[in-house]
Amino acid sequence: MNARLERCRALLPQLGVDGLLVSDPDDVRYLSGFRGDDATLLIGAAAASLCTDARYWEQVHEEVVDLELSKVTDQPLLAHSVAEAARVVGARARLGYQGAQLSHASYRRLRRLHRGGLRDVAQHVTLLRAVKDDDEIAAMRRAAAVTDEALGLVVARGLVGRRERDVAWDLRAEYHRLGAEGEAFPAIVATGDHGAQAHALPGERIIRAGELVVIDTGARVDGYCSDITRTYAAGEPSGELRRLYDVVLEAQLAGLATVRAGAHGRRDVDAAARAVIEAAGYGDRFGHGTGHGVGRQVHEAPSLGRTRGDRLEAGMVCTVEPGIYLEGLAGVRIEDTVLVTADGCRRLTTSPKDLQVVG
């Protein structure tokens, strides 16, 4: 935590501020270790203070070391935080805040309460999380292992005749049984033409023989997410459906082959995967980006999209997940969470990717 705080302090002169008011719960946890969802962290050049209220007071003492703690008592958290900022960095200091975390009403209140200058520091604090350290990578390996195991167990019980929502619930139960904190996000289970919706909500549909079933899921372990998508054949699929699957698998492997430190998310990874799908005649049926970063949130930096991409660095964790979606017929998506290395990538999710025919 001390090393992370020092990296954050290094932003102060770069951003032209005297202190930072960090209010994103994931950033607060990353920088302090505090797991509560109602706190702020004030960071100055020489001191840092975490503010939270009586609901979390025992918890914060258990989880946070080497930081000053400030108990919120008789005023809202934002007002208390401004008062604490005055103590930590000065009443007229230039204070950086995370604009995406504040409502317009909260921003107006902040502007009224703080007598110094204000600057929206946008994603600069959050982007510190993009490159993972060894502890974070270990947690993400555990999350991926739980995800792989749960998915394998659920699919082995069969798919034909089950409701989408029951498969999704089964995954959630397995995550609990295997010791995860919970789901990284609500699972997608979509059968047949429902799979043509990239973010379909599991419902009452019964999985029928001959359909493809898209399952997109992930566990959260020690605060870190995993993300995997596999498309299964519920019974023997048609030749057309097999061809769709083969094209997406080829695209995913092409995208994975470009992932390495120095590669660009749009110009390299997305372009490689998209080229395969376009060559097969399905370019207009791949409507989302090829991947995204994963960490404390299931969607974070870096971006690997068709309109926006970031340069990859060793230690980043991202997904590669091309898909084809044919309205009225089926959807296919194949996704892995991978660790970016100097000379390639290492898969964290390792479930088989050849087309699995499940009864």
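In what order do the 3 strands of the open sheet lie? In this predicted model, the order is S7-S10-S11, and the pairing is antiparallel. Strand S7 (182–183) and strand S11 (224–225) form the edges. Each of these edge strands pairs on one side only. Strand S10 covers residues 219–221. S7 and S10 run antiparallel and are joined by 2 bridges. In one of the pairings, Glu183 has Ala219 of S10 as its bridge partner.

The cysteines were examined next. A disulfide is a covalent bond between the sulfur atoms of two cysteines. The count for this model is 0 disulfides. Cys51 takes part in none. The cysteine sulfur nearest to Cys51 belongs to Cys8 and is 15 Å away.

Is Ser32 buried or exposed? Its relative accessible area is 3%, and the cut-off for buried is under 20%, so Ser32 counts as buried. A polar atom of the Ser32 side chain lies 3.1 Å from the backbone nitrogen of Phe34. Leaving aside residues up to four places away in sequence, Ser32 touches Met1, Leu50, Glu63, Val64 and Leu67.

Notes. Residues numbered from 1 in each chain as written. Predicted model: local features only at pLDDT ≥ 70, side-chain atom pairs only at ≥ 80, totals over all residues. Heavy atoms only, no water. Pairing = 2+ DSSP bridges. Helix = DSSP H or I, 4+ residues; strand = E, 2+ residues; numbered from the N terminus. Disulfide = S-S within 2.5 Å. Buried < 20%, exposed > 50% of the residue type's maximum accessible area, 1.4 Å probe, protein only. Polar contact = N/O pair within 3.5 Å; in protein donor to acceptor, adjacent residues only side chain to side chain. Contact = heavy atoms within 4.5 Å.
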